[in-house]
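Hi,

Here's the structure I promised to pass on.

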Amino acid sequence: MVASLLRLTVLGTLAVQAVCKTVNTSSLLSYQDKPRVFILSDISNEPDDQESLTRYLLYSNQFKTEGLVASTSTWLRDAVHPEDMLQVINAYGNVTDNLNKHAPPDAQYASGDYFRSILRSGAATYGMKAVGSNVTLSDGGKLLLQRLQSPSEKPLWVLAWGGTNVLAQVLYKIHQNYSSEDAAAMRSKLRVYAISDQDDTGPWIRRNYPDIFYISSTHGWNQYGMATWIAISGETYYNKDEGGPNSTTVTHEWLRDNIQVGPYGSVAYPDFKFIMEGDTPTFLYLIQNGLGDSENPGYGSWGGRYTKVDPSTAVNYNHYSDAADRVVGLNNKTFSSNYATIWRWRDAYQNDFAARMQWTLPANTSKANHHPVVSVNGSKELAPFKVTAEAGSTINLDTAGTYDPDGDKLSYNWFQYEEPGSDDWNVAGQVPALNLTIAKNGQQVQVKIPASEDSCNGKGDNPSGCWLLHLVLEVKDNGIYPLTTYRRVLIQTTNQTIST
């Protein structure tokens, strides 16, 4: 009995040491380029906007958040509720110091005071009623116009979790009060990711300003079950792709045990009513984890994959809508759907959420884990690693220099992401296949480029007809909540030898 007690004491000590371990923040994954973000939310329509805001703030050190605006939608037509955003911000402000113990020096979390300073209200009226020559800009609209007038050349991402009348009223005023050249310059800074159309201004914006970079599922009014974003958690509620994704991590029970914890999650994150976090894909698309490229919606990311509705070069029409991925689900069946472009990453994005919620806890209770830092051929940048390779040649990729800040064991998985290379909805057999020879448990890979009759067969997007092929590396640690960092390798095939 004494021996058993001693053994339990030792194990308990080791567990506390594991929980209390500290990390050199300078060794953490860093974010060199922070996207500008402006959020429109019909918060209080249902709990999911509050849930998404709770998650967003845990990732906010990756972004330069420039506005949080409470807006209306078809489900919340005559009121806005910034006070419900404030509730989440206040809870976040109480754990910012804890969060910053897990953030790199160049990407610290902003204070609660900062987020309170950018909180605004949109027009408390529905859709196009907020748009017109005799309509005064809402406080949210004034802030958005100010951000678009910023001298920054970086794009401004407007993430629309509800209706888009705040954006529409600003675009109307810009058209009314600025020269066509200045108006076009401001529109060129806009990047919109809207969770379907939740009022009548979304179609109006795309019809009148087709040059605006605009991501949104296209489907019949209120037919939300057709939209890509439901795949964040909605396979059971909407009866779509059931058996493909891991549904256990989007249940009330999992969220209660892993997210609704501590001084932040227990206060800020409510139970869902229909599905969990329908708005979250808008910023999962922008997460800096090495997978996505925000200027190329067709590449795919945690927030889904989208392609142009009209790809012709005769018109400057920048609406991006649903694309399909072909993914083998947990039930070993192959799913070809727009939903698969999100749920294929679910284990990674849910573990990531749970790990970040642990960062909000005091050090003596947090099961802290941190992301692997991945190097490919000496490059640790999160942007795609670009290679030009002659058809039929061989390239070698090495992950020497990759490490885990916590000293966790890492696993390596290389795979060709075929779908971004083609506009065919069922990509099977359409894209030239890379031949991969894996060495050192995935730490090295030799890539054989297909012969010219496949690599440069006139069907690729390159002017020469050669293919741009996508190779993805997933590096995952073995922490309590395993975390994944990616590197995307873009291989531009050619008929000529060009230095990489």
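Before the helix packing, a word on terms: axes are lines fitted to C-alpha atoms, for helices over the stretch in contact, and angles run from 0 to 180 degrees between N-to-C directions. Helices (H or I, at least four residues) and strands (E, at least two) are DSSP runs, numbered from the N terminus.

This is a predicted model, where local features need pLDDT of at least 70 and side-chain atom pairs count only at pLDDT 80 or more, while totals for chains, interfaces and linings use all residues. Residues are numbered from 1 along each chain as its sequence is written, and side-chain values use heavy atoms, with hydrogens and water left out.

Now to helix H2 (residues 48-59). H2 has 12 residues, and 12 of its 12 are buried (under 20% relative accessible area; exposed is over 50%, partly exposed in between, with a 1.4 Å probe and protein chains only).

H2 packs against helix H3 (residues 82-93) at about 30 degrees, with the axes 10 Å apart. That makes H2 and H3 roughly parallel (angles under 35 degrees; over 145 is roughly antiparallel, 65 to 115 roughly perpendicular, the rest oblique). On the H2 side the contact (heavy atoms within 4.5 Å) is made by Gln 50, Leu 53, Thr 54 and Leu 57, and H3 brings Met 85, Gln 87, Val 88, Ile 89 and Tyr 92.

What about H2 and helix H14 (residues 346-359)? Their axes come within 10 Å and cross at roughly 75 degrees, so H2 and H14 are roughly perpendicular. Here Thr 54, Arg 55, Leu 58 and Tyr 59 of H2 meet H14 residues including Tyr 349, Phe 353 and Met 357.

Last one: Ser 133 sits in the loop between strand E3 (119-121) and helix H6 (139-148). Ser 133 is partly exposed, at 40% relative accessible area. Leaving out residues up to four places away in sequence, Ser 133 touches Tyr 172, Lys 173 and Gln 176.

Cheers
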